[in-house]
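Me: Hi! I've got a model open and would like to walk through it with you. Could you help me read it?

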Amino acid sequence: MVLFNVSRVQTTPFDGQKPGTSGLRKKVKVFVQPHYLHNFVQATFYALTEENVRGATLVVSGDGRYFSKEAIQIITKMSAANGVRRVWIGQNGLLSTPAVSAVIRERVGADGSKATGAFILTASHNPGGPNEASTAIYDALHGVAGAYAKRIFVDELGAQESSLLNCTPKEDFGGGHPDPNLTYAKELVARLGLGKSEPQDEPPEFGAAADGDADRNMILGKRFFVTPSDSVAIIAANAVEAIPYFSAGLKGVARSMPTSAALDVVAKHLNLKFFEVPTGWKFFGNLMDAGLCSICGEESFGTGSDHIREKDGIWAVLAWLSILAYKNKDTLGDKLVTVEDIVRQHWATYGRHYYTRYDYENVDAGAAKELMGYLVKLQSSLSEVNQIVKGVRSDVSNVVNADEFEYKDPVDGSISSHQGIRYLFEDGSRLIFRLSGTGSEGATIRLYIEQYEKDPSKIGRLSNEALAPLAYFPSFFWSGCELTSLVSSERGRFAPAEQTSCVVANSFYFGSPDSTVGAGEMVAIVFDFMSHIYMYSFSRVTLHCCFSNSVQLVETLALPANLAAPIIIIKAHFRRVLRRVLQKVWERMAIKFIVCKEDPLLVLIDATRLRDGGWLLSMVRWWLQRNLQFVRRRTT
Ligand SMILES: O=P(O)(O)OC[C@H]1O[C@H](O)[C@H](O)[C@@H](O)[C@@H]1O
């Protein structure tokens with residue numbers, strides 16, 4: 001016979017310690033509080049009848065999640081103290097929930113005993129770990145990455161199966177678009193708290209996605225998006241300490257031209273060889289073969305190293321996990337260093353490159369070519385460019401260089417020309433225009449906007465706000481072009497799809513604090529030919545410097561200060577078609593039309609009408625998106 005000393009310990013109740021539908025489910029940090037589990041176990045014993053406890057046999061086991069071992073010790077001791085005779089524990093404390101049920105119902109002990117009940121240590125499908133928030137999700141978007149993900153993340157690294165999302169490869173990628181970005185990795189984006197609405201569960205700390213063939217990657221933190229340009233810079237900055245493969249040092253780093261210059265700053269700080277190559281992975285291959293480059297990346301969600309000659313989506317995720325592990329090596333039990341912490345720390349050290357990309361897809365190939373030609377021609381006069389720039393925003397630095405990117409391969413000496421049009425600003429900001437080389441229909445124009453901020457007090461701004469001044473320019477640069485083709489196209493997407501920021505381009509300007517209008521205030525809503533929408537307050541100075549032509553126009557027209565009916569000013573060639581469409585819809589709003597020759601489409605509305613005018617804006621936007629195909633250079 002074994003004798004135990006039983007001691008009584010005074011405890012106090014815990015708020016909300018109530019079993020729900022299926023047991024007591026609480027976060028680990030709640031469960032590990034002193035006496036939390038003890039209170040629950042003792043309360044359970046008190047609730048049971050004497051004969052179910054005294055001399056009884058209990059089963060105690062679970063799914064082996066964090067804190068199970070400690071809990072089994074506590075429950076076993078408390079069972080003994082309460083008179084339980086025998087505790088059956090699965091090997092290493094492991095038993096599936098159905099197995100526990102089977103043991104209670106079927107198992108008969110050597111002495112004929114049967115279990116009267118069990119403590120099952122599980123939270124079922126919910127995450128576990130010292131901090132459940134440290135879980136991760138990997139979304140293979142039903143591409144081939146799924147086949148590798150289970151082996152690498154679950155079997156090798158011990159992640160839970162529930163961390164795998166869309167990891168069964170499917171012929172049609174599950175009907176989705178297997179491109180890992182904020183637009184297409186919808187489910188992952190929503191789970192990480194970056195969707196339109198808050199997710200049901202607290203988002204995990206880490207998320208990543210791959211494309212169909214597993215060479216691209218997207219890295220997310222909880223409610224946080226890491227731009228691919230930042231991602232490669234951060235990997236490079238931490239590689240030597242955090243990734244054993246690079247412990248001997250980096251040979252050099254490289255990025256594609258439109259990728260932000262975040263990597264350049266790291267290379268400079270660490271005194272690394274640095275290369276800026278045209279878009280396309282093949283340019284990195286030469287550098288790697290020549291032993292000049294260890295890590296490289298592109299804004300198009302490609303990141304890789306010289307372990308192979310392609311970008312490698314899973315490698316990028318492992319690189320990030322290595323950095324997270326390294327940054328957390330001393331934080332066991334404390335608050336974890338998160339993805340967001342790492343990125344913000346990086347910005348504080350190296351400065352931040354605010355960055356976004358707009359894609360204008362499926363536009364008329366001829367018109368796109370002409371537009372690019374126009375942008376190149378504009379480059380011949382920097383003073384003209386700066387005149388436009390200063391006329392729009394006096395607070396933006398000068399364009400100091402403008403060119404078409406050309407690359408001379410340092411290894412074989414080959415030259416690649418016409419690799420994108422660059423407008424480079426004095427403060428390091430850049431506007432880049434490029435024709436995509438991967439589109440399958442029409443042309444795709446990519447517009448990359450980047451602004452460098454060194455001042456640590458200014459690195460925490462919203463990206464759309466920080467980039468707003470620069471985002472004004474493209475339409476002004478293009479003001480020498482005009483819309484001509486009004487071919488209706490259901491499929492052509494006229495509105496830009498913003499790939500690298502959470503902000504949808506069309507809400508870009510409405511979303512900024514500048515755009516709030518007071519009741520009775522007069523505002524102008526301007527649609528430029530790219531269907532960006534600008535809203536200006538007439539009582540603000542911004543309007544005067546932002547849109548001087550329109551102001552002059554409005555002044556010339558001597559519009560009344562408080563407009564009763566909306567007025568729509570349209571370009572001459574829109575008149576017939578737009579008027580026909582809009583007049584029908586808006587008859588009851590007594591819209592007056594004024595036709596002007598030189599301005600973009602201008603809708604002038606009394607702000608008091610804006611509250612019920614949302615549908616009106618949607619109508620205009622819908623019409624523009626549906627009907628305007630693209631631009632052609634002004635021929636005069
Ligand atoms: O030319 P784009 O449409 O911008 O595509 C750019 C990307 O296309 C492919 O994925 C290449 O492998 C990448 O190296 C490149 O960055």
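Me: Let's start in β18. Which residue there is the bridge partner of I421?

Reply: The bridge partner of I421 is F433 in β18. Helices (H or I, at least four residues) and strands (E, at least two) are DSSP runs, numbered from the N terminus. This is a predicted model, where local features need pLDDT of at least 70, side-chain atom pairs count only at pLDDT 80 or more, and totals for chains, interfaces and linings use all residues. Residues are numbered from 1 along each chain as its sequence is written, and side-chain values use heavy atoms, with hydrogens and water left out.

Me: Thanks. How many bridges join β17 to β18, and which way do they run?

Reply: Four bridges link β17 (residues 421-425) with β18, and the two run antiparallel. Two strands pair if DSSP finds at least two bridges between them. β17 and β18 make a hairpin with four residues between them, and G428 in the turn has a positive phi of about 95 degrees.

Me: And what about β18 and β19?

Reply: Six bridges join β18 to β19 (residues 443-453), again in an antiparallel run. R430 stands opposite E450 in β19.

Me: How many of the β18 residues are buried?

Reply: Five of the six residues of β18 (430-435) are buried, so the strand is mostly covered. Buried means under 20% relative accessible area, exposed over 50%, and partly exposed in between (1.4 Å probe, protein chains only).

Me: Zooming out, how many helices and strands does the chain have?

Reply: The chain has 20 helices and 27 strands. Of its 636 residues, 53% count as buried. Contact means heavy atoms within 4.5 Å. Among contacts between residues at least 6 apart in sequence, 70% join residues at least 24 apart.

Me: Switching to the open sheet of five strands: what is the strand order?

Reply: The order is β5-β4-β6-β7-β8, with mixed pairing. β5 (164-165) and β8 (224-226) stand at the edges with a single partner strand each, so one side of each has no neighbour in the sheet.

Me: Which way do β4 and β5 run?

Reply: They run parallel: two bridges join β4 (residues 136-139) to β5. D139 stands opposite L165 in β5.

Me: Which helix packs on that sheet?

Reply: Helix α12 (residues 339-350) does, touching β6 (206-210), β7 (217-221) and β8. The direction of α12 makes about 55 degrees with that of β8. Axes are lines fitted to C-alpha atoms, for helices over the stretch in contact, and angles run from 0 to 180 degrees between N-to-C directions.

Me: Now the largest nonpolar core. Which residues have the most contacts inside it?

Reply: Y138, I295 and W320 do, in a core of 49 residues. A nonpolar core is a set of buried Ala, Val, Leu, Ile, Met, Phe, Trp, Tyr and Cys residues joined through side-chain atoms within 4.5 Å. Elements that each supply at least two residues of this core include α6 (145-156), α8 (228-242) and α11 (313-327). The core draws at least three residues from each of domain 2 (132-225) and domain 3 (227-350); domain bounds come from an automatic or database domain assignment.

Me: What is Y138 in contact with?

Reply: Leaving aside neighbours within four places in sequence, the contacts of Y138 include F153, L164, A208 and V317. Apart from this core lies another, of 28 residues, among them A368, I388, V389 and Y423.

Me: Next, A242: buried or exposed?

Reply: A242 is buried, with a relative accessible area of 10%. A242 sits in helix α8, and touches S322, I323 and Y326, not counting residues up to four places away in sequence. A242 and W320 are 78 residues apart in sequence and 9.2 Å apart in space, C-alpha to C-alpha.

Me: Last one: where is L292?

Reply: L292 is in the loop between α10 (282-289) and β11 (295-298). Not counting residues up to four places away in sequence, L292 touches K251, G252, K273, F275, L287 and V411. L287 is also one of the buried residues of α10. α10 is followed by G291, with a positive phi near 70 degrees.
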